[in-house]
Amino acid sequence: MNKTILVTGGAGFIGSNFVRYMLEKYPDYRIVNVDALTYAGNPANLKQIEGDARYAFEKADIRDRARIAEIFSRYQPDMVVNFAAESHVDRSIDDPEVFLTTNIIGTQVLLDTAKQHWKLHPEDKYSREFKQGVKFQQVSTDEVYGALGKEGVFKETTPLSPNSPYSAAKASADMIVRAYHETFGMPVNITRCSNNYGPYQFPEKLIPLMINNCLHDKPLPVYGDGMQIRDWLHVYDHCAAIDTVLHHGVNGEIYNIGGNNEKANIEIVKLILETLKKPESLITYVKDRPGHDRRYAIDNTKITTQLGWSPRYTFEDGMKETIQWYLDNQTWTEDVVSGAYMAYYDKMYKDR
Ligand code: NAD
Ligand code: TYD
């Protein structure tokens, strides 16, 4: 069946993997990628599919109501998957404001526009009828639940208790999505995934940063004691989970996504050093992140038992492949680190 999926933030890490995943899996789907191309958006991530007639790219900011309305009118999307966000906790500590405007207001602009297009009787505020087959899917994070101690896991029913400006903005967006479902009857799902790793991740995040520093024999900055725990999932498994929820998720439900794979940061740093045959003397303990969440762990029972999704990657295989990808794509990382990737859009799109 033909469908048009509007993906926001599709030039970023997870979004670009998702766009590729969907085009490969669904020959009849059209994907419209709406991305503002902030520092984190790199259209070169999607070089291989630029010529695909089923793919369209729109450089636009999700906070820009007029542009988003124009894009909806032009493409008439059946579904929205909202990845677009400011995503880095350390940046949110330095400059929170853009996290609030993009992550919260941007999400609300998308919801409003989708509601206007999808409601069968848009002028009737009491009508809760929407077109068949439409859905708004919000890509959220386990960080909205806050931090865990040594014991326990995040369930979908765990109260939200975000600690960073990033996670507070993501939690706010989740609340707005929920409100549009409750108040207007809008078909929505929210997914909350644990930390992702894999190809095309911006080298400001733990794993690509450590790989890149290792490759250049630079110190590896470990925050605090390095014993903070994250629950890692390969980005392809996250993409498959989003696809599962998009097609089979029960309207209005929240699904946690994770692969039961808790690791302390220092374990990961040591694994990267060992794989790249570099000395542990590169490890440098630095001042801890303010408000650093100690531990995240996802209970994935709901999505595995109710929707039949399960992760395919083991952490060992996923990390081996990921490290190899960064070894094979060093010019990608160099372009990102040097800022050269910023010129790519002008080169590729200025005459289109
Ligand atoms: P990323 O920073 O790599 O990509 C974000 C993308 O959004 C970029 O392409 C950027 O240009 C775009 N963008 C930013 N502001 C925009 C705006 N105002 N309008 C339009 N586009 C804009 O992020 P990521 O790691 O791929 O994360 C994607 C989503 O998944 C985010 O919503 C994040 O909260 C969520 N998430 C990430 C992880 C993770 O481990 N990376 C885990 C769980 C959930
Ligand atoms: P990060 O990749 O920024 O993801 P998040 O903060 O969203 O979980 O960081 C993952 C963990 O790695 C987190 O506990 C902070 C830590 N970290 C370091 O120790 N050093 C670094 O240079 C970075 C970027 C992160």
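**Close-up 1. The buried and exposed sides of helix α11 in this predicted model.** Let's start with α11, the helix that runs through residues 330-338. Trp332, Thr333 and Val336 are buried here. These three residues lie on the same side of α11, because the arc they cover around the axis is only 95°. An α-helix has 3.6 residues a turn, so residues three or four places apart point the same way. On the other side of α11 you will find Thr331 and Ser338, which are exposed. The partners of the buried residues of α11 are α6 and α10 (315-328), against which they pack. Gly339 follows α11 and has a positive phi, near 90°.

**Close-up 2. The buried residues of helix α2 and their packing partners.** Helix α2 spans residues 65-75, and its buried residues are Arg67, Ile68, Ile71, Phe72 and Tyr75. Where do they sit around the helix axis? They share one side of α2, because they cover an arc of only 135°. The elements they pack against are the strands β1 (3-8), β2, β3 and β4 (79-82), together with helix α4 (97-118). Just past the end of α2, look for Gln76, whose phi is positive at about 50°.

**Close-up 3. Ligand 1 and the residues around it.** Ligand 1 has 29 residues around it, and the nearest are Ile14, Asp35, Ser87, Tyr166 and Lys170. A polar backbone atom of Ile14 lies 2.8 Å from an oxygen atom of ligand 1. At Ala36, a polar backbone atom is 3.1 Å from a nitrogen atom of the ligand, and at Gly41 a polar backbone atom is 3.5 Å from a ligand oxygen atom. On its own, ligand 1 has 840 Å² of accessible area, and the protein covers 97% of this. Two or more residues of the shell come from each of α1 (13-25), β5 (135-141) and α5 (165-184). The largest share, 3 residues, belongs to β5. By type, the shell around ligand 1 holds 14 nonpolar, 11 polar and 4 charged residues.

**Close-up 4. Ligand 2 and its polar side-chain neighbours.** Which residues are closest to ligand 2? They are Glu143, Pro221, Arg230, Arg289 and His292, from a surrounding set of 18 residues. In the side chain of Arg289, an N or O atom is 2.5 Å from an oxygen atom of ligand 2. For Arg230, a polar side-chain atom is 2.7 Å from a ligand oxygen atom, and for Asn195 the distance from a side-chain N or O atom to a ligand oxygen atom is 2.9 Å. The protein buries 96% of the 510 Å² that ligand 2 exposes when taken alone. Helix α6 (206-215) and strand β8 (220-223) are the elements that give two or more residues to this shell. Its residues divide into 8 nonpolar, 5 polar and 5 charged.

**Close-up 5. Leu37 in the loop between β2 and β3.** Is Leu37 buried or exposed? Its relative accessible area is 14%, which means that Leu37 is buried, as the cut-off for buried is under 20%. For a sense of scale, 29 Å separates the C-alpha atoms of Leu37 and Lys218, two residues 181 positions apart along the chain.

How values were computed:
Residues numbered from 1 in each chain as written. Chains lettered and ligands numbered in written order. Predicted model: local features only at pLDDT ≥ 70, side-chain atom pairs only at ≥ 80, totals over all residues. Heavy atoms only, no water. Near = heavy atom within 4 Å. Polar contact = N/O pair within 3.5 Å; in protein donor to acceptor, adjacent residues only side chain to side chain. Areas by Shrake-Rupley, 256 points an atom, 1.4 Å probe, with all protein chains shown as cover. Helix = DSSP H or I, 4+ residues; strand = E, 2+ residues; numbered from the N terminus. Nonpolar A, V, L, I, M, F, W, Y, C, P; charged D, E, K, R; others polar. Buried < 20%, exposed > 50% of the residue type's maximum accessible area, 1.4 Å probe, protein only. Arc of directions from axis to C-beta. Contact = heavy atoms within 4.5 Å.
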